[in-house]
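Trainee: I have a new structure open and some questions ready. Can we go through them in turn?

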Amino acid sequence: MSTLNIRFIQVAPIDNIEEDIESQVSEGDVGLGLSQESTTVRDACILKIENETETGSDSSSADQKDKSLFEEGKSSSENSTSSRGTWDNKTDFLLSCLGYAVGLGNVWRFPYLCYENGGGAFLIPYATMLFLAGLPMFFMELCLGQYSSSGPATVWRIAPMFRGMGYGMVLISAFIGLYYNVIITYILYYMFASFTNKLPWIGCNNPWNTDMCNGIYDECVSTGNKIMTVNNTCVGVDSLSEEELDFYSIGLNALGEIDLSNYIDPLKPKRKLPSEEYFNNAVLHEASGIGELGTVVWPLLSCLVFAWIIIYFCLQKGIKSSGKVVYFTATFPYIVLVLFLILGLTLEGSYNGIMFFLTPRWEILYEPKVWLDAAVQIFFSLSTSWGGLLTLSSYNRFHNNCYFDAIFIALANCMTSVFAGVVIFSILGFMANELGREVSEVVDQGFGLAFIAYPEALARLPAAPVWSILFFFMLLTLGLDTQFTIMETVMTFITDFFPNLRRNKPKVLLASCTMMCLASLICVTEAGVYWVSLLDSYSASFVMLTFATMECLIVSWVYGYERFKEDISIMIGSARVNNKLFNYWRVCWCFITPALLSFVQVYSFVNWSAPSYNGGFPTWAHTIGWLITGSTIILVPIFIVVELHNASGTFLQRLKLISAPAADWGPLKYEHRALVRKSGSSVSTISDLVEREKGQTSGSTEPNKASHDPT
């Protein structure tokens, strides 16, 4: 007859074991036949389960074996996780993810897309794509990172033949990090320039203004009896001949007075707002083409260096420092948006702007482009498939409820986009009213909104410098949150690949920031904005969609949905995973999401047009762009060939071997790895583990060699 002895043994501390066991008890996944209070253990204790028989088994041999297994697991845990670290609390993670997802695109791209694609009607395809593509990919990446405590460099132990995807994801992040910090540089420049009594982009009497400055025309016609001629000269109507009056469509009304209602500025297409000339001529010193580098713009270089210094000091302690900075950077934008909404609602014309933004145009929903724009926007807004989410979730505690996290962050991100759209259009409505134009004539996106349209509107507000400082500081915090995660992705890749560097992470971070700063110097030359546009166009879009589609297929079909579902069950509890509603994830991951992303890819490729900025790029620039794209995606087939070459056996045997999870795939911590090893593909409670333990032989697998049963 066999008996089961449970002993508590004094050992060195193991990180978070008490919290992990109590978490399992609270989730209903752990049962020892004891009350919850009686299962609480001290940090210095580990639960040891051992089989003995009354017939006199060799207990000393079993003790020796358990001791060796424990020591090996303890050593592995200390080496791989203690120095890697975890979030101090759940709020740090949530705010970091929210700050990563809610970025500049929510403010300067979504409102424009919504207006262009049917106004309020656009919210229907936007929400549809959220639940069919964005949210499933978001949840999948959170689960992958949390389960394995791995960033993009090592998470592909799930299917080693595809580890080139991990390297490609990090390379995408590096390319994006290069130009994204240049955008932060522009924002810093504007924020510093706003510390003045009069905003510098007001008026047309500055050294950087040209004869085509719109303010010159406004000043001329403000008196009511002057017009601008085709020679850009301001002349009185009284001095014009009858032929000239007829040419400019100027006549007399019923009272015999001069009627200018039909007069149109003959140079209107060439006119530029003062804010546009400030951005192009004073800030960028913009060249006429991408090949005309000119000189370095020194004020921008100073702001670029300052931006990298901010990144360094906020990340020098890893998630321990960035997790605290986001308490401010992730919440401050909401405060500013609320203030701008209150201000906007008090301004004349704001209602017209908001209604222009929200009024649905249902007929547009029949156009495929609207659904494509919705899919692309939600996908890039949530920032999946380029390593950031894997990185952030890899620092989670093993039993963190990432199910809730995914739904909360995805919904918060989308609601923020809609709210930001209302705020933006309230101010643009006021601007259109001030300029005497239609709202559609002042709407813009990207650089045009952030550095031209909105600054022009800000200049017309009371206490304009104050609002300008708040606006650009809001953009700064939005940009920094995203850049934090981009750099943390790069750093996690380096330290996961070379664990010995974790103790020198500040030095590695300093070297990384310095190299990326030097690499982005071309973006602060006179042709810098062209290079920013080129990097933005070629570094992400096509490759990110490709990686997302592959990631979904690999996890669902190569690794297997059932196996992945069991992994999630071990983390967050079987009650959630065995619920019928969880089949929603199965349908999306296995069928809808990869099919939808594939369609978006094909449609985008068929309707692809060469990117441009102020005119088309030369052929050599497009060649550089495609080399950037190719350098990330080519890593996938390269490492497939490498893995096939290094494996042994026939081709099919090698293919099967490298597509199966690696021996070291799974949770990083010993106590979690032991749970997964013993649970196999169906066990999720301690009582089941006990029964399994009874039937195991003395030759059980070692802690660091654990892997799932392929079946």
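Predicted model: local features only at pLDDT ≥ 70, side-chain atom pairs only at ≥ 80, totals over all residues.

Trainee: Where is Val336 found, and how far is Val336 from Met474 in space, C-alpha to C-alpha?

Mentor: Val336 is found in helix 13. In sequence, Val336 and Met474 are 138 residues apart. In space, their C-alpha atoms are apart by 6.7 Å.

Trainee: Is Val336 buried or exposed?

Mentor: Look at the relative accessibility, which is 1% for Val336. Buried means under 20%. So Val336 counts as buried.

Trainee: At what angle do helix 13 and helix 19 pack?

Mentor: Two packed helices are described by the angle between their axes and the distance between the axes. Helix 13 covers residues 332–345, and helix 19 covers residues 464–497. Their axes are 9 Å apart. The angle is about 145 degrees.

Trainee: Is the crossing of helix 13 and helix 19 left-handed or right-handed?

Mentor: These two helices pack with their axes 9 Å apart. The crossing of helix 13 and helix 19 is left-handed.

Trainee: How many residues of the contact of helix 13 with helix 19 are nonpolar?

Mentor: Helix 13 brings Phe332, Pro333, Val336, Leu337, Leu339, Phe340 and Leu343 to the contact. Helix 19 brings Trp467, Leu470, Phe471, Phe473, Met474, Thr477 and Leu478. One residue of the contact is polar and no residue is charged. The nonpolar residues number 13.

Trainee: How far apart in space are Leu339 and Val423, C-alpha to C-alpha?

Mentor: In sequence, Leu339 and Val423 are 84 residues apart. In space, the C-alpha to C-alpha value is 9.3 Å.

Trainee: Now the rings. Is the pair of Tyr147 and Phe398 stacked, tilted or edge-to-face?

Mentor: A search of the whole structure finds 68 aromatic pairs. In this one, the ring centres are 5.9 Å apart and the planes are at 40 degrees. Stacked needs under 30 degrees and edge-to-face needs over 60. So the pair of Tyr147 and Phe398 is tilted.

Trainee: How many residues apart are Tyr147 and Phe398?

Mentor: Tyr147 is in helix 6, residues 123–148. Phe398 is in the loop between helix 16 and helix 17. Both Tyr147 and Phe398 are buried. The pair links distant parts of the chain, with a separation in residues of 251.

Trainee: Which residue lies over the face of Tyr559?

Mentor: Here a charge sits over a ring. At 5.1 Å from the ring centre of Tyr559 lies Arg563.

Trainee: What is the relative accessible area of Ser149?

Mentor: Ser149 is in the loop between helix 6 and helix 7. Phi of Ser149 is positive, about 50 degrees, although Ser149 is not a glycine. Most residues other than glycine have a negative phi. Ser149 is buried, with a relative accessible area of 16%.

Trainee: His285 also has a positive phi. Is His285 buried or partly exposed?

Mentor: Phi of His285 is near 50 degrees. His285 lies in the loop between helix 10 and helix 11. The relative accessible area of His285 is 38%. That makes His285 partly exposed.

Trainee: Which residues does Trp608 touch, not counting residues up to four places away in sequence?

Mentor: Trp608 is in the loop between helix 24 and helix 25. With a relative accessible area of 44%, Trp608 is partly exposed. The residues Trp608 touches are Tyr538 and Trp626.

Trainee: Last one. What share of the residues in the protein is buried?

Mentor: The secondary structure comes to 29 helices and six strands. The protein has 711 residues. The buried share is 56%.

Definitions and conventions:
Residues numbered from 1 in each chain as written. Heavy atoms only, no water. Axes fitted to C-alpha atoms, helices over the stretch in contact; angles between N-to-C directions. Helix = DSSP H or I, 4+ residues; strand = E, 2+ residues; numbered from the N terminus. Left-handed = near helix turned anticlockwise from the far one by under 90°. Contact = heavy atoms within 4.5 Å. Nonpolar A, V, L, I, M, F, W, Y, C, P; charged D, E, K, R; others polar. Phe/Tyr/Trp six-rings, centres within 6.5 Å; stacked < 30°, edge-to-face > 60°. Buried < 20%, exposed > 50% of the residue type's maximum accessible area, 1.4 Å probe, protein only. Lys NZ or Arg CZ within 6 Å of the ring centre and 35° of its normal.
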